[in-house]
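Subject: Structure for you to look at

Hello,

Here is the structure I promised to pass on. Please open it alongside this message, and then read on for what turned up.

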Amino acid sequence: MTQVESFVGIDVSKRELEVAIYPSGGFKVANDGGGIACLIQRLGRLSPALVVLEPTGGYEKPVLAALLAAGLKARRVDAWRVRRYAEALGRRAKTDPIDAAVLARFAHDVAKDEPQVQEHADARLVALVDARAQLVQEQIRLGNQLAQADDELVHSLIQARLDLIEAQLRAVEAALEARVAESAELKSRLELLRSAPGVGPVTAFTLLARLSELGARDAKRIAALVGVAPADPELGALAQPSRVAAPTSGAPSTWPRWAPAQPTPHGTPSARRSPPRATRPRSASSPSCESCSSLSTPWPDQAKPSEQPEKHSCSPRFALRPG
């Protein structure tokens, strides 16, 4: 008798784990040490082909770590894709059992055919990169306040906090370098990243921590993954220029999802695209980039013949200092 492969979807909440098994079955356990141990025991007997769960504000981390430690094939999947998949199935309602069932079916229909990507094994590296990003954000905020501070006491207090943040940044950066030096794999990957022109330490550390798919997927897949691959919007006779779109599939679990802001006629970002306006045509060298709201080269009739167009580049949207 042929054994039917089973696929498991886990809907994670703060207190409970709703487990659905495809093609049939399911159960619920508490999201604590005892509940996770029970989950591992039951899934160990089942030996599912794949277990999937969505990122849930960090509540999924202990579950995922336990599943991987038990030798089960488990991964986080992109919540945006799962939601679109549920809508395609006609599942408009959202309850824990329904979400778990959709995840299990998604694992069977979609996720099983995708390459298995190793989850982040170095939680310390991720934590240090996140801590650095938070410190830089705080540094920028306090720097803006310092520029507007008129009172001498307020000025000194803000400056003291800035000095503390600078010291903390140096400590975090030293910890990052020490952590990479401890691992031969991380060290070799960092050296490979740094060998690329324009990649500094900040960018390299960020990619190591946030994009574990590097090296496991080809260049085109990675470009689409992070949202820098141009898409060709062609509908019948309507053909528009290729545009860079936000990532829509296979987004890594820790990669920040963002959609490039669409510039409105008044220059303020808007989620909806404004109607096309009659504008002068761009020159052939002018870039078309959704992550910038202004041209990096002048209009053709304003450029001087002797001037060369300025090279255009867009940096990833991270709250990090230049590397």
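Below are some notes on the fold, the cores, and a few local features.

First, the ground rules. This is a predicted model, in which local features need pLDDT of at least 70 and side-chain atom pairs count only at pLDDT 80 or more, while totals for chains, interfaces and linings use all residues. Residues are numbered from 1 along each chain as its sequence is written, and side-chain values use heavy atoms, with hydrogens and water left out.

The protein has nine helices and 11 strands; these are DSSP runs numbered from the N terminus, with helices being H or I of at least four residues and strands E of at least two. Of its 323 residues, 34% count as buried, where buried means under 20% relative accessible area, exposed over 50% and partly exposed in between, with a 1.4 Å probe and protein chains only. The protein exposes about 19,600 Å², and carbon and sulfur atoms supply 54% of that area (Shrake-Rupley method, 1.4 Å probe; for residues, only the protein chains shown count as cover). Among contacts with a separation of 6 or more, 54% come from residues 24 or more positions apart; contact means heavy atoms within 4.5 Å.

Now the cores. A nonpolar core is a set of buried Ala, Val, Leu, Ile, Met, Phe, Trp, Tyr and Cys residues joined through side-chain atoms within 4.5 Å. The largest one has 30 residues, of which L125, L176, V180 and L208 touch the most other members. Helices α5 (123–148), α6 (152–182), α7 (184–194), α8 (201–210) and α9 (219–226) each supply at least two residues of this core. Apart from it lies another core of 19 residues, including V8, L17, L39 and L53.

Helix α5 deserves a look of its own. Its 26 residues reach 38 Å from first C-alpha to last, close to the 38 Å expected at 1.5 Å a residue (the expected span is 1.5 Å times one less than the number of residues). Buried residues in α5 include L125, L128, R132, Q139 and L146, and the cover over the buried residues of this helix includes α6, α7 and α8.

How many aromatic pairs does a search of the whole structure find? It finds one: Y85 and F106, edge-to-face, at 5.4 Å centre to centre with 80° between the planes. Y85 is in helix α3 (residues 79–88) and F106 in helix α4 (residues 96–109), 21 residues apart. Both Y85 and F106 are buried. For the cut-offs, rings of Phe, Tyr and Trp (its six-membered ring) pair if their centres lie within 6.5 Å; planes under 30 degrees apart count as stacked, over 60 as edge-to-face and the rest as tilted.

Two arginines sit over rings: R42 lies over the face of F27, 3.8 Å from the ring centre, and the charged end of R84 is over the ring of W80, 5.3 Å from its centre. The criterion is NZ of Lys or CZ of Arg within 6 Å of the ring centre and within 35 degrees of the ring normal.

Lastly, the backbone. Most residues other than glycine have a negative phi, and most peptide bonds are trans. The Y22 to P23 bond is cis, with omega near 20°, and P23 lies in the loop between β2 (16–22) and β3 (26–30). S47, which is not a glycine, has a positive phi of about 50°.

Best wishes
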